[in-house]
Amino acid sequence: MTRFVPAPQIRMDQQLEEALTHGPDALRLTAVFGIGERASIRYANAAKAFLESSLEQNQ
């Protein structure tokens with residue numbers, strides 16, 4: 001059974017993956033994806049929180 005994934009969801013996943021891979025840099029996300037300041041800050045903050053929680057769990 002094929003599951004439908006809306007295009008905006010795929011794009012959000014790509015933006016979060018970019019932030020996780022290259023660091024939570026809002027300016028980079030804006031440049032790479034052409035998204036607005038608020039969206040790029042939101043993705044950068046989400047990536048930062050995820051990375052920090054991962055570090056805490058590994059200690």
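Reader: Which residue forms a salt bridge with Glu18, and how far apart are the closest N and O atoms?

Author: The model is a predicted one. In this model the partner of Glu18 is Arg28, and the closest N and O atoms of the two are 2.7 Å apart.

Reader: Why is this pair called a salt bridge?

Author: The term requires a side-chain nitrogen of Lys or Arg within 4 Å of a carboxyl oxygen of Asp or Glu. Arg28 and Glu18 have their closest N and O atoms at 2.7 Å, and the pair therefore meets the cut-off of 4 Å. In general, side chains of opposite charge can pair when their charged atoms come close. The structure holds one salt bridge. The pair links distant parts of the chain, with Arg28 in helix α2 and Glu18 in helix α1, residues 7-22; the two are 10 residues apart.

Reader: What makes the link between the side chains of Glu18 and Arg28 a polar contact as well?

Author: The side chains are joined at 2.7 Å, and a polar contact needs N or O atoms within 3.5 Å, one able to donate a hydrogen and the other to accept it.

Reader: How do you know whether Glu18 is buried or exposed?

Author: The relative accessible area of Glu18 is 15%. Buried means under 20%, so Glu18 counts as buried. Leaving aside its neighbours within four places in sequence, Glu18 is in contact with Gly23, Arg28, Leu29, Val32 and Phe33.

Reader: Why is Arg28 described in other terms, as partly exposed?

Author: Arg28 has a relative accessible area of 32%. Because buried means under 20% and exposed over 50%, with partly exposed in between, Arg28 is partly exposed.

Reader: What is found at the start of helix α2, and what just after α2?

Author: Helix α2 covers residues 26-33, and at its start a side-chain oxygen of Asp25 reaches to within 3.1 Å of the backbone nitrogen of Leu27. Just after α2, Gly34 takes a positive phi of about 70 degrees.

Reader: How many helices and strands does the protein have?

Author: The protein has three helices and zero strands. From the N terminus on, the order of its elements is α-α-α.

How values were computed
Residues are numbered from 1 along each chain as its sequence is written. This is a predicted model: local features need pLDDT of at least 70, side-chain atom pairs count only at pLDDT 80 or more; totals for chains, interfaces and linings use all residues. Side-chain values use heavy atoms; hydrogens and water are left out. Helices (H or I, at least four residues) and strands (E, at least two) are DSSP runs, numbered from the N terminus. Buried means under 20% relative accessible area, exposed over 50%, partly exposed in between (1.4 Å probe, protein chains only). Contact means heavy atoms within 4.5 Å.
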